[in-house]
Amino acid sequence: MMIDNIIMVAAIISLCVGALGVLFGALGLLRLGDVYQRMHGAGIIDTGGAGLILFGLLLASPDWTVSVRLVLIGLLLGLTSPTATHAIARAAHFAGVKPLLKTSSGAQTDKEADV
Amino acid sequence: MSLWFSIVLVAIGVSLLLALARAALGPTAFDRVLAVNSIGTLAVLAICVYGFFDGRPEFLDIALLYALINFIGTISVLKYFRAGTLGDHVPSEKHRDAP
């Protein structure tokens with residue numbers, strides 16, 4: 001009984017932190033400066049948010065078959081979302097999208113974007 | 001426990017709206033593809049959490065399928081951007097971009 005309560009509290013904490021991660025990742029996706037920076041926000045959604053929410057659901061799962069499906073979804077997202085993000089970055093680079101090179105004060109740095 | 005699932009669902013919904021705003025605003029096509037990919041991941045999470053919220057975890061099968069289709073869709077759209085075709089036929093020379 002005690003153990004069940006502890007597991008439920010851990011699941012709730014994990015779900016709430018994952019929801020915060022998803023929110024901040026989407027905020028970064030909306031607010032950041034160019035494609036390569038927005039990939040950072042998408043990465044937070046794909047790793048922090050999805051990982052923590054799926055872990056919270058895994059702790060709250062009633063049956064072992066549900067747990068197996070959750071682990072499969074986690075593995076699939078962990079394999080495919082970095083691949084998709086890498087493919088988007090590579091396609092943007094080959095299409096000639098230049099990254100923003102600015103310091104936090106807004107001044108342009110000396111180095112040009114000749115990547 | 002159902003209260004917490006509904007809170008997570010609301011957070012995922014707000015994130016979906018933010019990602020949708022980026023997909024509508026995005027200056028380049030790659031911004032839109034990135035936002036649509038994130039919308040797909042958020043939809044997978046929303047399906048999972050809704051299955052638990054409704055007490056029917058069989059929804060996880062749909063989420064698994066959606067994750068697969070999301071990945072394949074992103075890769076094929078990027079391939080279409082680069083090659084101008086999905087591989088059915090060789091495009092004519094005047095439509096082909098320089099490599």
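Visitor: Why is the meeting of A:R69 and B:D61 called a salt bridge?

Guide: In this predicted model, the side chains of A:R69 and B:D61 lie 3.1 Å apart, N to O. A salt bridge is a side-chain nitrogen of Lys or Arg within 4 Å of a carboxyl oxygen of Asp or Glu, so the pair qualifies. Across the interface of chain B and chain A the rule finds 2 salt bridges. Chains are lettered from A in the order in which they are written, and residues are numbered from 1 along each chain.

Visitor: What makes up the side of chain B that touches chain A?

Guide: By class, that side has 31 nonpolar, 6 polar and 5 charged residues. Ala, Val, Leu, Ile, Met, Phe, Trp, Tyr, Cys and Pro count as nonpolar, Asp, Glu, Lys and Arg as charged, and the others, Gly among them, as polar.

Visitor: How many residues does the contact take from each chain?

Guide: The contact (heavy atoms within 4.5 Å) takes 42 residues from chain B and 45 residues from chain A. The area buried between the two chains is about 3700 Å²; this is the accessible area (1.4 Å probe) that two parts lose on being put together, summed over both. Carbon and sulfur atoms give 84% of that area.

Visitor: How do you know that the span of helix α1 of chain B is close to the expected one?

Guide: Helices are DSSP runs (H or I, at least four residues), numbered from the N terminus. Helix α1 of chain B has 24 residues and reaches 35 Å from its first C-alpha to its last.

Definitions and conventions:
This is a predicted model: local features need pLDDT of at least 70, side-chain atom pairs count only at pLDDT 80 or more; totals for chains, interfaces and linings use all residues. Side-chain values use heavy atoms; hydrogens and water are left out. Helices (H or I, at least four residues) and strands (E, at least two) are DSSP runs, numbered from the N terminus. The expected span of a helix is 1.5 Å times one less than its number of residues.
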